[in-house]
Amino acid sequence: MKIIGLIVAILVGALLVYAAADFPAWSDPASPASTYLSPHFIEKTMEETSVPNIVTAVLADYRGFDTMFETTVIFSAGMAVFLLLRTFRREEPEARHYRHVLTGVTLRVKEGGELPPSDDFERIDSLWTPHDLIIKTVCRLLIPFIQLFALYVIAHGHHSPGGGFQGGVILGASIILLAISQDLRTAVKRMAEKLDALLCSVGVLIYAGTGALCLLLGLNFLDYSALASVLHVDSIMARSHGILIVEIGVGIAVMCTMIWIYNNVSSGGKYNQGL
Amino acid sequence: MSLQYPALIVVVPLLSALVISIAGWVNKRWCFPITVAALAVAAYSSVGLLFRVLDEGVIVYKLGGWDPPMGIAYYVDHLNGLVLAVVSIVALLNAIASKKSIEQEFPEKIGPFYTLYVLMVTGLLGIVVTGDAFNLYVLLEIAALTGYGLIAMGGGRGPLSALNYLYMGTIGACFYLLGVGYLYIMTGSLNMVDIAGILPDLYQSKAVMAAFIICMVGVWIKMAFFPLHAWLPNAYTHAPSASSSLIAPLVTKVMIYVMIRLILTIFTPEFSFNILAVSKPIVWLSVIAIFMGAILALKERNLKKMLTYIIIAEVGYMVGGAWLGNRVGMTGAILHIANDALMTLCVFLAVGNIVYKVKGAEFEDLQGLFRKMPFTMGAFIIGAISMIGVPPTCGFFSKWYLISGAIQAGHYGFMVALLFSSLVNVVLFFRVFEICFYEPFSDHHGHGHDRHPEPMDEAPVTMLVPLFIVAAILVLVGLYTGDIVNHIIEFAIPKGLV
Amino acid sequence: MADLISIIVAKYNYWIYITLMMIGLYAMIAKNNLVKKIVGMNIFQTAIILFYVSIGVKKGATIPILEHGHGGHGHHVVHAADYVNPLPHVLMLTAIVVGVATLGVALALAIRVYNQYNTLEEDEILAQIREE
């Protein structure tokens, strides 16, 4: 296999090196890619969509259809991971382990035994799981700021680098950080599995639904200027607002899918302690 | 509303997939009706679209209202109109037929399964309808990712086969993406028609040639063209019946459509056949593919796996036919996309019924099936004789076009390969019929002369009716081949190709 | 010789991406461990992303976000030469997401395979299958 791999890699590399001879040099302003479509995008975006961030405008408007399917790709990945891994059959172990949070003492409760009802105990899945007060506290303090920044990234995508994907990933990362620093159970308590899965679909639905709304209002699919009559703005501002709406949908979908994939992969579909 | 058909074909399944995933959490019983309704709308729109194309010619649909090279546009012509209709009808029939087997195999995960099912159909329909090279890549990945999930749900070696498929599929898709990147760096455009307009000045460029080769290799990996076929047999064999009868008829065929689209639209026949001059070696490669597929199929003792090797041989038919470089061969290849999708659906649905009742598709499991499941086997025979190529089933006519194309091109090796593969199919299927005809011997040891034939134990009606419809379509398409060729395929091939 | 060096320097982005891509492709084909193959797959995809992004670069241009975007009321003239090509960035945002999605599914499949065979080494898995 090693030799085959080497031969294939070298053959492909040779073909690519051979072809690179005809390519324009690096950062050449006269290359076809820079002179054919991009000047239109750069010069006309502001007039046509009223969005200064050209990448956002091209992403969510000119090529908005691609982006809708890109959101769908990640949704289907989340769905596929769920379908593959999630096990609903619960195998309750003979004994459960609890930790007294303040002292770090671990209790072993046999089957049928009961624990004194108290918030100070947390369930753990093995005799020893790492536990660090400093990491837990610092992460807990950080998470709200991370989320706030994520909302800024989503909302400010029109004017600065950012947008639905980036913000959604940061939002998802904040919950995943909770799951890593505490454990998966705590994170799932904050963001229940069903809610997460439903929000995934809702996020993509916001995107596709906006497109379908444009279609129902009489223009082509995803032609946001149709929203002008609903939003009471002119058709160019309607494009700008339409972009914001779909970016929010993307943000929700990406956040939830990231969490969903992490939960399933880290716990092997069992939704117990996680990593 | 008919103006919006191109969008509806893709958007209705997409929206329904999302609704199904929500319904999966609320009430599982809603999943199946929504699936069928969505696929029915898609099938209705695509057939309506095909008739509009027949009346008006090429239909352009601008997504987001942006003019083509800026935004993404759909171009629906006779070629993808035909493929769209086939894909959506196959998906609809299979969804109805596989209801029971899905409920039997994974009762807990009906919601996610149907979601992925409909998303996969969305991806395949999107690949066919789009006119943008990069949009095609995104949809390719949707179809692929959902496909990995659907295949891995099969027990046993399912996950391992799906993982191997994932490696190969990702290489294939990335090669395609890289090829598109090469086209983009040379032309600055991503729109297929636009690229085709710019390319003629660049035909001598090494980069364009490399782009062509890379795209082709990528698509060949995806369609399991010999010698890049290694992932296919295991992946399709170990998939659950409902997935394999969706994926086996459609994925390879849609990828062949992509190849033909690359040859005809993006690079134009002039470049593909005359300037590059690689037709001969590729046709020879497909000759080897047909021989290898046929020989490897002979070796198999599992009905489903045997059929997967036949698929590899059929891929050889279509690649070879498309690369013969003449009009008749191309007609045969396009016709065979439609026919092969329907034939494969027919035999895989029949196998699905058998697996549903017998719980296996090894040759030993098949004994006595003619008595046990006469209706399923009846439809299976029609599918089988169509694969062999017996008139009046449709398999005969596409094979006839392919053979005439081979003769016209003077490529007798390809002709011999087609005939050889037909003969091997005769052997393969009659061997299966023979096994199915005789009763199992081992069951009668204790009974002496008192032989009780096994009682009839046929699959449920919901599985049988779609199977009969497919079998009927096989004959109907065969009878109306002339119309299909004269009114649809004739216009699908550019005038330049003779 | 000087020609060769100037070609190498002028197009160094292509050489880097080709090298990375060969590494990824080799890992995907030759490695025995299923997770190493996934790592190779990621390198492979990242190489293509680098290639696309490097297409967009333009000498003397800045990021594609218009200055004075609001409040200028259209008096401000935008020159295409001042901003880099936004299209490759858009395309690669999509490709990155596809890469992440593929990675998620691949890891899920690897977990399933590991649960089934208790190993991720391909030769050991194949040996187990042969024994069955």
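**Salt bridges in a predicted model**

Q: Which residue forms a salt bridge with Lys62(B)?
A: A salt bridge here is a side-chain nitrogen of Lys or Arg within 4 Å of a carboxyl oxygen of Asp or Glu. The closest N and O atoms of this pair sit 3.0 Å apart. The model is predicted, so local features need pLDDT of at least 70, side-chain atom pairs count only at pLDDT 80 or more, and totals for chains, interfaces and linings use all residues. Side-chain values use heavy atoms, with hydrogens and water left out, residues are numbered from 1 along each chain as its sequence is written, and chains are lettered from A and ligands numbered from 1 in the order written. The partner of Lys62(B) is Asp67(B).

Q: Is Lys253(B) buried or exposed?
A: Buried means under 20% relative accessible area, exposed over 50%, and partly exposed in between (1.4 Å probe, protein chains only). Lys253(B) comes out at 2% relative accessibility. Because that value is 2%, Lys253(B) counts as buried.

Q: What is the N to O distance in the salt bridge of Lys253(B) and Asp340(B)?
A: Asp340(B) is buried too, with a relative accessible area of 0%. The side chains of Lys253(B) and Asp340(B) meet at an N to O distance of 2.8 Å.

Q: Which residues are linked with Asp61(A) in a network of salt bridges?
A: Asp61(A) pairs with Arg239(A), their closest N and O atoms being 2.9 Å apart, and both are buried. The network linked to Asp61(A) holds Arg239(A) and Asp223(A).
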